[in-house]
Amino acid sequence: MSLMLLARPTLRLSLPLLPPRTATRAMSATAPARADPFKPAARVAGQRKDVWSIVNEAAAASPVQPIVNMGQGFFGYNPPNFVLDAAKAALDRVDCNQYSPTKGRPRLKKAIAESYSPFFGRQLDPETEVTITTGANEGMLSAFMGFVEPGDEVIVFEPFFDQYISNIEMPGGKLVYVPMHPPKDGATKTTSAAEWTVDLKELEAAITPKTRMIVLNTPHNPIGKVFSKDELKAIGDLCVKHNILILSDEVYDRLNYVPFTRIATLSPEIAKLTLTVGSAGKNFYATGWRVGWLIGPEHLIKYVSAAHTRICFSSVSPLQEATAVAFEDADKHGFWETAKKDMKGKMDKFNAIWDELGLPYSDPEGGYFVLVNMAKVKLPEDYQFPPHVADRPRDFKLCWFLIQEIGVAAIPPTEFFTDKNAHIAEDWLRFAVCKNDDVLEQAQDRLRALKKYLQ
Ligand SMILES: Cc1ncc(COP(=O)(O)O)c(C=O)c1O
């Protein structure tokens, strides 16, 4: 930030005045030396190795190479040409290589407002109701930074997208978990992702006077559930009753295979409390672009923007411009229909292997992840797992075994649960199907080797 300010002195005006640093430095010369200058802050210290590192490192070290990596949710193919061309063209423009306004490029905000107004049933104001962020993730961090004070409680459903947790803890928020209940017979037969349910009584019991916000995710990662209109209305009404903000993470909003409802559209009272989150990475197969946005009423959006300004000032310019073109031209290319049809095709094509093997899965209603139940897979009794896998739940062992012996990587979903509730998911693995068809076929070929471990 400081280098940037040197380059653009006029920006100083928009930032709070800081006390002169030299004075503080001079006084501290007499203070005793810090015992451990390398001691990290508590918010990053003592964290377990994250699941992405475990799986990617195990994949790189597997004797089966190259591994078929169906773990992390990155695409195995490029954005469509009209989107890529827009990015290339943006790089040739002087203004696109410089800072964008902190709230986002006007063209992108307008394109998003145009694209989303029909879903919201009213004209969104691009200047006050849309703000651009560095991916959905930084957008959500900005929302928490904008509204959560130390000690405020934030309700999160389990399983959760792991980044929510540190993003809520960063401003001092206290996490309150409410479990989603798995289908009762999910271990013995294929069920629908709709059968993962929220108990409204449990949700209401989790609400206290300190509850500030609730985080929703639909279509859901990792479950693939699309919350029904009735479920959302009930959750939204509870939030209205208790004056709780709603952060609705809808990054997979164009990949719904059943009707999709946006909670912000269910009543004016709910809309007033709701911030809706989106991601160009998920919409346009470009997770590395780091372009996201929040849509909501002005009285919420302005504080998200204020936090975003403090966190990273503004987001990557050429790719915002390219995302604007992507939204403007998507309909012309029939992109949204193709994207949905292609992903559903991949999902059905890949899941045929589970039908063939007789392994039950939770059939997704949206998104690009499928949870497969591996209770029937018997791991060899004497199998040696490395210590960082041996002390984790069974899904980590299944994951390790698949990488080492079968050559396919998946994600252990207990990572998306608290330790207390990890048992709910210890027989499941999450596979991402946003890969080329030949990769899906190769995965299927390899997974046939699981037959000899089935009981
Ligand atoms: C549910 C959910 N929310 C948010 C994100 C982050 O989106 P972005 O890459 O735009 O930061 C992800 C990425 O995997 C996700 O699965």
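This is a predicted model: local features need pLDDT of at least 70, side-chain atom pairs count only at pLDDT 80 or more; totals for chains, interfaces and linings use all residues.
Student: Let's start with helix 5 and helix 13. Why are they called roughly parallel to each other?

Tutor: The axes of helix 5 (residues 106–120) and helix 13 (residues 317–330) cross at roughly 30° and come within 8 Å. Angles under 35 degrees count as roughly parallel, and therefore helix 5 and helix 13 are given that name. The crossing of helix 5 past helix 13 is left-handed.

Student: Which residues in helix 5 and helix 13 meet?

Tutor: From helix 5 come Arg107, Leu108, Ala111, Ile112 and Ser115, and they meet Gln320, Glu321, Thr323, Ala324, Phe327 and Glu328 in helix 13. By class, the residues of this contact are five nonpolar, three polar and three charged.

Student: What makes helix 6 roughly perpendicular to helix 12?

Tutor: Helix 6 (residues 135–147) packs on helix 12 (residues 298–312) at an angle of about 110°, with the axes 8 Å apart. The range for roughly perpendicular is 65 to 115 degrees, so helix 6 is roughly perpendicular to helix 12. In handedness, helix 6 passes helix 12 in a right-handed crossing.

Student: And which residues make the contact of helix 6 and helix 12?

Tutor: Helix 6 brings Glu138, Leu141, Ser142, Ala143, Met145, Gly146 and Phe147, while helix 12 brings Tyr303, Val304, Ala306, Ala307, His308, Ile311 and Cys312. The contact of helix 6 with helix 12 has ten nonpolar, three polar and one charged residues.

Student: Now helix 14. How do you know that its span agrees with its number of residues?

Tutor: Helix 14 (residues 335–357) has 23 residues, and at 1.5 Å a residue it should span 33 Å. The expected span uses one less than the number of residues. The end C-alpha atoms of helix 14 are 34 Å apart, which agrees. After helix 14 comes glycine 358, with a positive phi near 75°.

Student: Which residues of helix 14 are buried, and what do they pack against?

Tutor: The buried ones are Phe335, Met343, Lys346, Met347, Phe350, Asn351, Ile353 and Trp354. Buried residues of helix 14 pack against helix 13, strand 11 (361–363), strand 12 (369–373) and helix 17 (437–447).

Student: Why are helix 14 and helix 17 described as roughly parallel?

Tutor: Helix 14 and helix 17 pack at an angle of about 5°, with their axes 10 Å apart. The cut-off is under 35 degrees, so helix 14 and helix 17 are roughly parallel to each other. In this contact Lys346, Lys349, Phe350, Ile353 and Leu357 of helix 14 meet Asp437, Leu440, Gln444 and Leu447 of helix 17. The classes here are five nonpolar, one polar and three charged.

Student: What makes aspartate 92 exposed?

Tutor: Aspartate 92 has 9 C-beta neighbours inside 10 Å. A residue is exposed if the count is 12 or fewer, so aspartate 92 counts as exposed. Aspartate 92 is in the loop between helix 4 (81–91) and helix 5. Its C-alpha is 9.1 Å from that of proline 318, although the two are 226 residues apart in sequence.

Student: Then why is aspartate 329 called partly exposed?

Tutor: Aspartate 329, in helix 13, has 16 other C-beta atoms within 10 Å. Exposed needs 12 or fewer and buried needs 20 or more, so aspartate 329 falls in between and is partly exposed.

Student: Is asparagine 243 buried or exposed?

Tutor: Asparagine 243 has 10 other C-beta atoms within 10 Å, so it is exposed. Its phi is also positive, near 60°, and asparagine 243 sits in the loop between helix 9 and strand 8 (245–249).

Student: Lastly, where are the cis peptide bonds that join threonine 218 to proline 219 and asparagine 221 to proline 222?

Tutor: Proline 219 is in the loop between strand 7 (211–217) and helix 9 (229–242), and proline 222 is also in the loop between strand 7 and helix 9. Omega is about -15° for the bond to proline 219 and about 10° for the bond to proline 222. Most peptide bonds are trans.

Notes:
Residues are numbered from 1 along each chain as its sequence is written. Axes are lines fitted to C-alpha atoms, for helices over the stretch in contact, and angles run from 0 to 180 degrees between N-to-C directions. Helices (H or I, at least four residues) and strands (E, at least two) are DSSP runs, numbered from the N terminus. Angles under 35 degrees count as roughly parallel, over 145 as roughly antiparallel, 65 to 115 as roughly perpendicular and the rest as oblique. A crossing is left-handed if the near helix is turned anticlockwise from the far one by less than a right angle, and right-handed if clockwise. Two residues are in contact if their C-beta atoms, placed from the backbone, lie within 7 Å. Ala, Val, Leu, Ile, Met, Phe, Trp, Tyr, Cys and Pro count as nonpolar, Asp, Glu, Lys and Arg as charged, and the others, Gly among them, as polar.
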